[in-house]
Amino acid sequence: MTPVPTDVMPRSLTALPPAQVESTHEIDIAEVEDFVRQHHAEHPDLGPVEARLAEVHAEIAATGTYRHTTAELTFGARVAWRNSSRCIGRLYWRSLKVRDLREVSAPADVAAECVEHLRVATNKGKIRPVITVFAPAEPGLPAPSILNEQIVRYAAYRGSDGGVLGDARNLALTELALKRGWQPPASRGPFDVLPLMVSCEGHDPALVEIPADAVLEVPLSHPELPWLAALGVKWHAVPAISNMRLRVGGIDYPSAPFNGWYMGTEIGARNLADHDRYDLLPYIAKRMGLDMSSEATLWRDRALIELNRAVLHSFAEAGVTITDHHTESKRFLTHLEKEEAAGRSCPADWSWIVPPVSGGLTPVYHRYYDSGELLPNFFPASSPAKGCPVAH
């Protein structure tokens, strides 16, 4: 239930965020006013909105931009999650912990705070939804850019035979890390954690190793297939998206890593199963002794179910927060009902709300949803301010 599950986004391996991010457009006054009015409307205790609007208008007239109050930033970040049309886990949007680090822009400091983000979010396995908001894009002032798609990414090494050891999704990121001086382990493996790479114009770029004790990983086992534990397959506990742009009230925050917790299918049906990721299904099917002579035997489906069982079983055994797709589908409809009761639209992308395993067995499959995108929201880091939102 990551707010924006980029693990499953069909993205080019070479599409890395730009090193320089700064505001190059005039601020949209209408968007600013809409946000300020929305904040006051949902928090009547703030009092009349006119005084705050007057302050914002005066600040924009003087500087070309304005600064959110801590309360506005917190509200905006939470509503951005609430508005993420391709996230099934939005029921918990109010629980998002917002770390306001807008004074931080130096790459080394950003990287250090990303490590702290992991520690705060991990919470000894009881995963907390967290967002860390770094310096905004302001006129003439570049903002930091985190090149890693997620804070934790596994390296990929191409062999002489053309094969790939590790997560093939990260080939380009691994090559870039190597060019910038990263030294991989002497004995390379399929789950080597890549360093964080952060850039910001006017500062030296940072390449920072993530301490092993900051990355909680769950080794996979299976309740009925003991050989699976011997494979050495594992996955990290916190899906902290780090290459998305948070847009709140006309202000862009290009570096704002955030996380929820995993839904099992993100790991078991995509990260470990996709042909261009770890592609484990053929091996698992063979070890299970399944008939692989024809697709009609449904060997892939049977192997996929057992891989997903292993993920849920292993996280539960390790005491690490995770959810299954049936439970989360029901929770999403609860969220939808709450939003409708509050008089709000709840856009949802059917093709992403429906889980990649047994979709037709879940209640989210059997209905239509509002389309369109709302603000605040999350967007690809390099897209225009009002362009297409996150393509999951």
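## Stop 1

Helices α7 and α8 are roughly perpendicular to each other, a label used for angles of 65 to 115 degrees (under 35 is roughly parallel, over 145 roughly antiparallel, and the rest oblique). Before you go on, note that this is a predicted model, where local features need pLDDT of at least 70, side-chain atom pairs count only at pLDDT 80 or more, and totals for chains, interfaces and linings use all residues. Residues are numbered from 1 along each chain as its sequence is written, and side-chain values use heavy atoms, with hydrogens and water left out.

Now select residues 281-288 for α7 and 299-318 for α8; their axes cross at roughly 95° and come within 9 Å. Axes here are lines fitted to C-alpha atoms, for helices over the stretch in contact, and angles run from 0 to 180 degrees between N-to-C directions. Helices (H or I, at least four residues) and strands (E, at least two) are DSSP runs, numbered from the N terminus.

Show side chains next. On the α7 side, the contact (heavy atoms within 4.5 Å) uses Leu281, Pro282, Ile284, Ala285 and Met288. From α8 come Trp299, Arg300, Arg302, Ala303, Leu304, Glu306 and Leu307. Sorted by class, that is 9 nonpolar and 3 charged residues, with no polar ones. Ala, Val, Leu, Ile, Met, Phe, Trp, Tyr, Cys and Pro count as nonpolar, Asp, Glu, Lys and Arg as charged, and the others, Gly among them, as polar.

While you're here, step back to Asp279, in the loop between α6 (264-271) and α7. Asp279 is not a glycine, yet its phi is positive, about 50°. Is Asp279 buried, partly exposed or exposed? Asp279 counts as partly exposed, at 27% relative accessibility (buried means under 20% relative accessible area, exposed over 50%, partly exposed in between, with a 1.4 Å probe and protein chains only).

## Stop 2: α1 and its two partners

Select residues 29-42 for α1 and 50-63 for α2: the two axes come within 10 Å and cross at roughly 150°. That makes α1 roughly antiparallel to α2. Ile29, Val32, Glu33, Val36, Arg37 and His40 of α1 meet Arg52, Leu53, Val56, His57 and Ile60 of α2. This contact has 6 nonpolar, 2 polar and 3 charged residues.

The contact of α1 with α3 divides into 5 nonpolar, 3 polar and 3 charged residues.

## Stop 3: Phe134 and the cysteines

Go to Phe134, in the loop between β2 (130-133) and β3 (145-146). Phe134 is buried, with a relative accessible area of 0%. Leaving aside neighbours within four places in sequence, its contacts include Leu101, Val110, Cys114, Ile146 and Tyr253. Pro144 is another one of them; Phe134 and Pro144 are 10 residues apart in sequence and 7.6 Å apart in space, C-alpha to C-alpha.

From there, hop to Cys114, which counts as buried at 0% relative accessibility. How many disulfides does the structure hold? The structure holds 0, a disulfide being a pair of cysteine sulfur atoms within 2.5 Å. For Cys114, the closest cysteine sulfur is in Cys200, 13 Å away and too far for a bond. Cys346 is in no disulfide either, as its nearest cysteine sulfur, in Cys87, is 10 Å away. Cys346 counts as buried too, at 3% relative accessibility.

## Stop 4: a covered helix

Select residues 171-179 for α5, whose buried residues are Leu171, Ala172, Leu173, Thr174, Leu176 and Ala177. Their cover includes β4 (156-158), β5 (164-166), β6 (196-199) and β7 (206-208). After α5 comes Gly181, with a positive phi near 105°.

## Stop 5

Finish in the loop between α10 (350-353) and β13 (377-380), where Pro376 lies. A cis peptide bond joins Leu375 to Pro376, with omega about -5°. Ser358 lies in the loop between α10 and β13 as well. Ser358 is not a glycine but has a positive phi of about 55°, and it is partly exposed, with a relative accessible area of 29%.
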